[in-house]
Amino acid sequence: MSEKIDKREWRRRSRRGFLALGGAGVLGALGLTWIYTRGGMGQQPWPLRSVLRANERLWRTVYGPGRLGEGPEAPAKGTPYRVNGDIGLLDELDPGEWSLAVSTPGTGRGNATLTMADLGRMPQTETTELFRCIEGWSMPIAYSGVRFSDFLAATGAGAREGGPKDLSRAALYPYVGFATPDGEYYVSLDMESALHPKTLLATGINGVPLSDEHGAPLRLIVPVKYGIKSLKRIGRIFFADERPPDYWAEQGYDWYAGL
Ligand SMILES: Nc1nc2c(c(=O)[nH]1)N[C@H]1C(S)=C(S)[C@@H](COP(=O)(O)O)O[C@H]1N2
Ligand SMILES: [Mo]
């Protein structure tokens, strides 16, 4: 038997609903006020920061080194792609002057000054992936260069102990930092993301060498992270037990920046 609800009952119900909604709104507003008046951890109120931390844990467990599949189709050779960000690129760079400083603390090994010729002798990889910027655009790119994991194997950098070929987790520092030659732009990565097979020290994109504005002669491409981490014009790579400084994390962006 259907219950008959008369008009008065309806009015009562909708009034109750309206009050509940209003109450929820007030609670929501109080909640937001509460969130935004909490102290910061990094530049952010800690309740938000904790959410980012929880997200990071989630990404780490859901996506192992297998995250990202085959990737999109490679764009045709020479396809132009967007330029974004020029921090650390403002000085003229004389390609003949460029070198890469690598430092691994606590060992005699893994400290070196490398040239492009040195990188050219390491195994070369070509791959494609969607490159995503936090500003809300993305584009497929084909990029080539040296896998970061191959770079570690070839140089012995990043390892606390063990031979150059030893890439076991325990032997590696948990963090790696990158900086432009002038030190103006800098990022840091968790070692797991740095070792992703699609994380490259890139020398070319879409079949042509990097232009200056895209970070010549050597840049990072980390497709498991937003574009902020893909530092252009690498001057320095170093390893650490503590999270090295990160330009955008210092501005309050999520440090992990995973996707
Ligand atoms: N040195 C340096 N690297 C940088 C940036 C920057 O400002 N300076 N911007 C980052 C951001 S936010 C993005 S989206 C990508 C863009 O790379 P692209 O210009 O080659 O597309 O570079 C990243 N690497
Ligand atoms: Mo970006």
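**Exercise 1. Determine which backbone contacts ligand 1 makes, and how far the protein covers ligand 1.**

Begin with aspartate 86, where a backbone N or O atom lies 3.3 Å from an oxygen atom of ligand 1, a polar contact being a pair of N or O atoms within 3.5 Å. Continue with asparagine 84, of which a polar backbone atom is 2.7 Å from an oxygen atom of ligand 1, and with arginine 82, where a backbone N or O atom lies 2.5 Å from a ligand oxygen. On its own, ligand 1 has 530 Å² of accessible area, and the protein covers 97% of that area, as computed by the Shrake-Rupley method with a 1.4 Å probe.

The model is predicted, with local features requiring pLDDT of at least 70 and side-chain atom pairs pLDDT 80 or more, whereas totals for chains, interfaces and linings use all residues. Residues are numbered from 1 along each chain as its sequence is written, chains are lettered from A and ligands numbered from 1 in the order written, and side-chain values use heavy atoms, without hydrogens and water.

**Exercise 2. Describe how β5 and β6 are joined.**

Strand β5 (residues 125-133) and strand β6 (residues 137-147) run antiparallel and are joined by 9 bridges; strands are DSSP runs of E with at least two residues, numbered from the N terminus, and two of them pair if DSSP finds at least two bridges between them. Within this pairing, leucine 130 stands opposite proline 140 of β6. The hairpin has 3 residues between its strands, and glycine 136 takes a positive phi near 110° there.

**Exercise 3. Characterise the lining of the largest pocket.**

The lining consists of 25 residues, with Asn84, Gly85, Tyr185, Gly227 and Ile228 nearest the centre. By class, it divides into 14 nonpolar, 6 polar and 5 charged residues, where Gly is counted as polar. β5 and β6 each supply at least two lining residues, and the largest share, 3 residues, comes from β6.

Note on methods
Helix = DSSP H or I, 4+ residues; strand = E, 2+ residues; numbered from the N terminus. 1 Å grid on protein atoms, 1.4 Å probe; cavity = no way out; pocket = protein on both sides within 12 Å on 5 of 7 lines; lining within 4 Å. Polar contact = N/O pair within 3.5 Å; in protein donor to acceptor, adjacent residues only side chain to side chain.
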